[in-house]
Amino acid sequence: MTTPFPVPRLMRTRPRYSCALAPAAGVVDTARLAERLGYRRVWLFDSPALHSDVWVALARIASGTDRIGLATGVAVPGLRHPMVTASAIGSVHELAPGPATPRGTR
């Protein structure tokens, strides 16, 4: 298709979408749906007074999906000892290996 004006290269690519989810009971099914729909990444927020543990939810998503990126949008560092957080991140990394960037983002 030709246009009467040049289209910048940036506009020729499809947008990449992400979604933010609560670490609730149905988060794995929602992440699978997001993956099927072509979303780039799933972001989870940390709200332990209202929802399940963010790191457990990320580990469940890592086990239940193939390529969608995983990230925490908000993590409350004062709620956990740094070693517990590091261990949880390591566990998620074991389930969704890759470099420093989340799985599926390249």
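Is Asp-53 buried, partly exposed or exposed? At 28% relative accessibility, Asp-53 counts as partly exposed. The legends below describe close-up views of a predicted model.

View A. The side chain of Arg-80 meets that of Asp-53 in a salt bridge with an N to O distance of 3.0 Å. Asp-53 belongs to the loop between strand 2 and helix 2, and Arg-80 to the loop between strand 3 and helix 3, so this contact ties together parts that are 27 residues apart in sequence. A salt bridge also forms between the side chains of Arg-80 and Asp-46, at 2.8 Å from N to O. Arg-80 and Asp-46 are both buried, the relative accessible area of Arg-80 being 15%.

**View B. Arg-32 and Asp-29 form a salt bridge between their side chains.** The N to O distance is 3.1 Å. Because the two residues are three positions apart in helix 1, Arg-32 and Asp-29 are separated by about one helical turn. Arg-32 is partly exposed, at 34% relative accessible area, whereas Asp-29 counts as exposed at 52% relative accessibility. In the whole structure, the search finds three salt bridges.

**View C. Tyr-17 and Tyr-39 form a tilted aromatic pair.** The ring centres are 6.4 Å apart, and the angle between the planes is 50 degrees. The pair links distant parts of the chain: Tyr-17 lies in the segment before strand 1 and Tyr-39 in the loop between helix 1 and strand 2, 22 residues apart. Tyr-17 is exposed, with 51% relative accessible area, while Tyr-39 is partly exposed at 32%. The count of aromatic pairs comes to one.

**View D. The largest nonpolar core contains 20 residues.** Within this core, Val-27, Val-42, Leu-44, Ile-61 and Leu-70 touch the most other members. At least two core residues are supplied by each of strand 1 (18-21), helix 1 (27-36), strand 2 (41-45), helix 2 (54-64) and helix 3 (82-95). Helix 2 provides the largest share, seven residues.

Definitions and conventions:
Residues are numbered from 1 along each chain as its sequence is written. This is a predicted model: local features need pLDDT of at least 70, side-chain atom pairs count only at pLDDT 80 or more; totals for chains, interfaces and linings use all residues. Side-chain values use heavy atoms; hydrogens and water are left out. A nonpolar core is a set of buried Ala, Val, Leu, Ile, Met, Phe, Trp, Tyr and Cys residues joined through side-chain atoms within 4.5 Å. Buried means under 20% relative accessible area, exposed over 50%, partly exposed in between (1.4 Å probe, protein chains only). Helices (H or I, at least four residues) and strands (E, at least two) are DSSP runs, numbered from the N terminus. Rings of Phe, Tyr and Trp (its six-membered ring) pair if their centres lie within 6.5 Å; planes under 30 degrees apart count as stacked, over 60 as edge-to-face and the rest as tilted. A salt bridge is a side-chain nitrogen of Lys or Arg within 4 Å of a carboxyl oxygen of Asp or Glu.
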